[in-house]
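Trainee: I would like to go through some of the labels used for this structure and check each one against its definition.
Mentor: Then ask about them one at a time.

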Amino acid sequence: MWESVKEFASEFFVTGDPLIYGADVSIVLSIIAIVSVLTYFKKWGWLWREWLTTVDHKKIGIMYILASVLMLFRGGVDALLMRAQLVMPEMQFLSGDHYNQIFTTHGVIMILFMAMPLMFGLFNVIVPLQLGARDVAFPFLNALSFWLFFSGAMLFNLSFVIGGSPDAGWLAYPPYSELAFNPGPGQDFYIWGIQISGIGSLMTGINFIVTILKVRAPGMTLMKMPMFSWSVLSSCIAIVFAFPILTVTLALLFIDRYLGGHFFTLDGGGNPMMYINLIWMWGHPEVYIIVLPAFGIFSEIVATFSRKKLFGYKSMVFAMIIISVLSFLVWAHHFFTMGSGADVNAFFAVTTMLIAIPTGVKVFNWLFTMFRGKITFETPMLWTVGIIPNFVIGGMTGVLLSVAPADFQYHNSYFLIAHFHQVIIAGVVFGFFAGLYYWWPKIFGFKLNERIGRWAFWLWNIGFYLCFMPQYALGLMGMTRRLYTYGWDKGWFEMNLVSTIGAVIMGAAFLVQIWDIAHSIKHMKRDTTGDPWNARTLEWSIPSPAPFYNFAVMPQVTSQDDWHERKLRIEQGLEKPAKVELEPIHMPKNSGIPIVMSMFWFFVGFGLIFDWLWMAVPGFISVIACMVVHSFNYDTDYYVTVEEIKRTEAEAGRVIT
Amino acid sequence: MANVNAGHHDHHPDQEELRTFAFWIYLMTDVILFATLFATYIVLQGSTDGGPGPKDLFQMNGIYASTFILLTSSFTSGLAILAMNKGNRLALMNWLGVTIFLGASFLFLEINEFIHMVSEGATIGTSAFLTAFYTLVGTHGLHVTLGMGWMIIVIMQIAKHGITPVTKRKVNIISLFWHFLDVVWIFVFTIVYVMGVN
Ligand code: HEM
Ligand SMILES: [Cu+2]
């Protein structure tokens, strides 16, 4: 008996590595700490009522952001481990197997569990406010999306201490990811972690399309809509087209592994190339899905801090739509070298280069917006301006990669690694940082410290250039990606050393940001205006942080940048702040179903990973039961009384008569 | 704390309309899902790896029967909508019941076909062609199963609440879904079966 328990445990838990024991201990300690703090301060009820069951888009957004920052930490530690291993030739720090697991989890976590939720966090906290809406179209579905993402992420992260991490790269190409070559549970963690959170992403996409198309304030025509909302719309349209492909691809891989299918195996007539096409039909649009909202953020920030209307609004909208369409026509540029033939390669090379045109239009529009503006460089603007050269370099190396014959040189080299980190870190992540600094006062009611923020900005940027510029050169010198060690004879030492120093500086920059937040919480000055940057769009017309019903009175929109225009009219005495007539507000009720249902999804995933049908089947039945219970519930909303609105507004410093 | 399904007290968008719109978008994602499965099937169709191919396996008589049944069930779900629009609750529930019965018959035939194929040694693990076949046809079958369970739930809600804007929307959506499954089946029928045996 004891023997079999021991044997089970040695397979179930990952053993043998001090890093992993460290993780075990810290996981257990943090769970104990969280549970005891909550119990000691009697906060369980509060946590459940205010956060775990909330359907308020702003709180859901905050939870997304929090989870994503944690994942940035995890993915960042992975990155530092890899850079430590590569700092000099013949390092003995990580084994090859371990290195494989780390680059795989790093890639997956950064893209799917860091960038995506950070983006969804910003969608959630800002889009309804920009639209002058009380909530997203489907608040319940929104909560469910978040909790599905959360269960998926937890499932994926668990693989580090239970069962073992996936190691077939962030896109899990077969045949490496097939059972024959990858028998452990790691690859199944990959499948189910991504599948569960991916369903959440798909639902978010649908939710925001409907919100943006149907739930805008009266008077806000599509062409008066703020640019960030436009970027969210185009990103969500791409989500709705791309994510079903991911769902299918992962399901097919699962069928191969679990039911002995032959979609992508080497025997039985399977076709691994089919997988590579399918995964990139999702994967390429995916990178535009995360970068388009960053473009929207830059547009908002550039206009606000140049004190000018955005230059070329219509061309911006148009460029965004073109990009989201083109992003579906370029996927094969990820495998020019895999024998598709010259015509196919030429087609995909040209469509890829075409994307540079609308992107260029956007960059010029930002520059023209700044031209002759009264520019000030608060942190959000600093980030935005810092991103432009980065993005231009990243874009140019991208065009270089799209030259099919030349790609035979760059393919899978460090040149590629440098390119995509440049567009993803310096475009997407920095872009989302810019958005976080910009909207922070709206979300939390106080500004972050500008001085520490500047330190973080410079450290991130210096670290970034030091880390990735040498990698372009390393790529041309023949260093390939996913390489865990190399010899002294290659001459790659110095560049790798510089690169690792850069990575460490970025790690420090992250810590400075955390310090910025902690410092600002302690020394915060409340933002009483609701509009600390003197900005232009509707979210700034209400108190910070926004009350749970957002707008006490629905705004009536008459122009683009409506809030800015209204401020001008009031200033010039053309308009008086309107006398308002309050009415009861219709709001959705909280629900525990999203979190409970997602927990059951977690059991389904976990059960299938370990072939435990006794867990997966009841889990699935419970998921269905949750849906049925929800379907039978007709009591999902209530009215906020006029007294409560008055009280809440008064607490936020606004007197409503 | 009133329950608010009927009222428009503020500028609140009409929830029933929003949901119908969202369902159309969802259907589009389902179209992409099936398109991907069809693409995979078409690519792998010939990869029988020396095992049985479409001509050896498909028995068209059963397929004609199940196609006819599914088309009829789409028609009866349309009759359900007509009954609903006339306000005839009992007829509505009956027609939905008939639709479920036809759906079940379709599934019965499909499962029989699968059992028969497996008994001839054509399993999901036999070849890439069969993996793609079972996955594509099975996904459609799964959708039919889901639709039936959903219809049962809708019937229970009509029994409880009668024909209200909410249950009306639910019936409209489930019947939309049912027609969609019919359309997908026509593609399965043509691409998998008819083109397979010819
Ligand atoms: C913050 C600093 C970062 C550093 C120092 C870093 C470093 C690295 C390194 C060393 C690799 C492995 C390269 C190889 O050997 O193949 C890698 C791979 C990768 N990184 Fe990063 N990274 C960082 C941030 C990010 C971010 C923010 C993202 C995405 C949002 C990202 C996405 C990826 C992906 C997708 C891979 C490929 C994984 C694979 O090969 O399967 N990284 N990164
Ligand atoms: Cu691409």
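Trainee: How do you know that the span of H5(A) is close to the expected one?
Mentor: H5(A) has 36 residues and reaches 50 Å from its first C-alpha to its last. Helices here are DSSP runs of H or I with at least four residues, numbered from the N terminus. The model is predicted: local features need pLDDT of at least 70, side-chain atom pairs count only at pLDDT 80 or more, and totals for chains, interfaces and linings use all residues. Residues are numbered from 1 along each chain as its sequence is written, chains are lettered from A and ligands numbered from 1 in the order written, and side-chain values use heavy atoms, without hydrogens and water.

Trainee: Where is the kink in H5(A) centred?
Mentor: On A:Ile109, with a kink of about 35 degrees. The bend at a residue is the angle between axes fitted to the seven residues ending there and the seven starting there.

Trainee: What makes the arrangement around the iron atom of ligand 1 octahedral?
Mentor: Six donors count as octahedral if opposite donors are over 155 degrees apart and all others between 65 and 115. The 6 donor atoms here subtend angles of 88 to 180 degrees, so the arrangement is called octahedral. Donors are N, O and S atoms within 2.8 Å of the metal (3.2 Å for Na, K and Ca). The protein donors are A:His106 (NE2) and A:His421 (NE2), 2.0 to 2.1 Å from the iron. A:His106 lies in H5 and A:His421 in H14 of chain A, so the pair ties together parts that are 315 residues apart in sequence.

Trainee: Which protein donors does the copper ion (ligand 2) have?
Mentor: A:His284 (ND1), A:His333 (NE2) and A:His334 (NE2), lying 1.6 to 2.0 Å from the copper ion.

Trainee: Why does A:His333 count as buried?
Mentor: Buried means under 20% relative accessible area, exposed over 50%, and partly exposed in between (1.4 Å probe, protein chains only). A:His333 has 15%, so A:His333 counts as buried. A:His334 has 22% and is therefore partly exposed.

Trainee: Is A:Ser177 buried or exposed?
Mentor: Its relative accessible area is 0%, so A:Ser177 is buried. A:Ser177 lies in the loop between helix H6 and helix H7 of chain A.

Definitions and conventions
Tetrahedral: all angles 85-135°; square planar, octahedral: opposite > 155°, others 65-115°. Helix = DSSP H or I, 4+ residues; strand = E, 2+ residues; numbered from the N terminus. Expected span 1.5 Å × (residues − 1).
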